[in-house]
Amino acid sequence: MVTSEVLAFDFGGTKARCALVSRDGRLGPTRAQRRPPSADGPRWLARMLDEGRGLLAEAGPGAPRAVGVSFGGPVDDEGRVSSMHVAGWEKVDLRRSMREAFGLPCLVDNDANLGALGEQRFGAGRDTAHLAYFTVSTGVGGGVVLQGKVHHGAHGIAGEFGHIPFRPFDLAAPECACGKRGCVESLASGRAIAREGRRALAAVGRPAPDDLTAEQVFAAAGRDETWALGVRDRAVEALAHAVASVLCVLDLPVVVIGGGVAQAGELLLGPLRGRVEDALPEVLRGRSQVRQAALGDFSSLLGAAALAMED
Ligand SMILES: [Zn+2]
């Protein structure tokens, strides 16, 4: 029986989970819900609060002492959230809602920052107090942990690795969701890899399906197909630029790569490590490790648990 230290929530764009988590990061009872398309932020929150109450009732005595919440969108200093994808979240004071529902202290942060904290506390960075975490999925995001704490920066934007400029003045570079050109996200995200994959297939006269995925590009790279290796290597260059830039600024011992695209494992990590080393100045070369995330889809949920334990 796992002794529940905290109650953790993870609100993503399409699904949410809550779990009781022990001091050493073991997941106790966990509940997950897909968001019904009709549910706005407040309705979905009410549903998840019910799930949380259900977990506590199930767990019986030895109640958790705090609540931690990961949210897939911007979070301000007061724990208020907003979302570009789900209506109604802009009115929600998530921290206060949790406090009132459970009578417990609550801390809230965004999913990328908590992915970083989760990996540092319980995952691929357990042996270090400082790391950068890159999440490479549909987009590219990240977080920085220094001295075991999330580093937010002056405006809460620290760790936006996807918008590190790689080819910002190149008019031939793709536009980024942020409105600039040639950001790392526009060249190395899952969406970008799929787009470049279609382009590369068309260029060699092969069918280029509209629904081609980054996963399929990596699978083809694993079969040594030239078009896919080229796409992979160009994405790796952009990502290596970001990783090396972060290492030059922060001199970190560990960089963790997570998110759906990182599921490609050594097909991504192998060449990435090589390119990072090639890009770094002599003083930094060979001194930092680039590791695959260890917690998979649970980095942010366990990061929310780690955050609650700080309270
Ligand atoms: Zn951008």
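The model is a predicted one, where local features need pLDDT of at least 70 and side-chain atom pairs count only at pLDDT 80 or more, while totals for chains, interfaces and linings use all residues. Numbering runs from 1 along each chain as its sequence is written, and side-chain values use heavy atoms, with hydrogens and water left out.

Asp251 isn't a glycine, yet its phi is positive, near 50°. With 52% relative accessibility, Asp251 counts as exposed; the scale here is buried under 20% relative accessible area, exposed over 50% and partly exposed in between, using a 1.4 Å probe and protein chains only. Leu252 also belongs to the loop between α7 and β9, but Leu252 is buried, at a relative accessible area of 2%. Leu252 and Leu146 are 106 residues apart in sequence, and their C-alpha atoms are 9.0 Å apart in space.

## Another positive phi

Asp224 is a non-glycine residue with a positive phi as well, of about 60°. You'll find Asp224 in the loop between α6 and α7, where it is exposed at a relative accessible area of 57%.

## The zinc site

What holds the zinc ion? Its donors are His163 through ND1 and Cys176, Cys178 and Cys183 through SG, at 2.0 to 2.4 Å. To count as a donor, an N, O or S atom has to be within 2.8 Å of the metal (3.2 Å for Na, K and Ca), and sites may look incomplete because water is not among the atoms. Along the chain, the donor residues follow the spacing H-x12-C-x1-C-x4-C.

The geometry comes out tetrahedral, with angles of 102 to 124° among the four donor atoms. For four donors, that label asks for all angles to lie between 85 and 135 degrees. As for accessibility, Cys183 is buried at 3%, whereas Cys178 is partly exposed at 40% relative accessible area.

## The nonpolar core

The largest nonpolar core has 44 residues, and Phe134 and Ile257 touch the most other members. Such a core is a set of buried Ala, Val, Leu, Ile, Met, Phe, Trp, Tyr and Cys residues joined through side-chain atoms within 4.5 Å. Several elements each put at least two residues into this core: the strands β6 (131-136), β7 (140-146) and β9 (254-258), along with the helices α4 (185-188), α5, α6 (214-222), α7 and α8 (266-279). The largest share of this core is from α7, at 13 residues.

## Cavity and pocket

How many cavities of 30 Å³ or more does the structure hold? There is one. A cavity, on a 1 Å grid over the protein atoms alone, is a set of points where a 1.4 Å probe fits but cannot get out; a pocket is an open set with protein on both sides within 12 Å along at least five of seven lines, and lining residues have an atom within 4 Å of a point. The largest cavity has a volume of about 40 Å³, a volume being the space filled by probe spheres set on grid points that are joined across faces, edges and corners. Its lining is made up of Phe11, Gly12, Gly13, Phe71, Gly72, Ser83, His85, Val86 and Trp89. By class, the lining of the largest cavity has four nonpolar, five polar and no charged residues; here Ala, Val, Leu, Ile, Met, Phe, Trp, Tyr, Cys and Pro count as nonpolar, Asp, Glu, Lys and Arg as charged, and the others, Gly among them, as polar.

The second largest pocket has a volume of about 230 Å³. Of its 15 lining residues, Arg167, Pro174, Leu187, Glu196 and Arg234 lie nearest the centre. Both α5 (190-203) and α7 (226-250) supply at least two lining residues, and α5 gives the most, with five. This lining splits into nine nonpolar, no polar and six charged residues.

## Two more residues

Pro36 is in the loop between β3 (27-34) and α1 (41-59) and is partly exposed, with a relative accessible area of 27%. Pro36 and Ala16 are 20 residues apart in sequence and 11 Å apart in space, C-alpha to C-alpha.

Val290, in strand β10 (residues 289-292), is buried at a relative accessible area of 8%. Between Val290 and Ala124 there are 9.9 Å in space, C-alpha to C-alpha, and the two are 166 residues apart in sequence.

Terms used. Four donors count as tetrahedral if all angles lie between 85 and 135 degrees; four count as square planar and six as octahedral if opposite donors are over 155 degrees apart and all others between 65 and 115; anything else is irregular. Helices (H or I, at least four residues) and strands (E, at least two) are DSSP runs, numbered from the N terminus.
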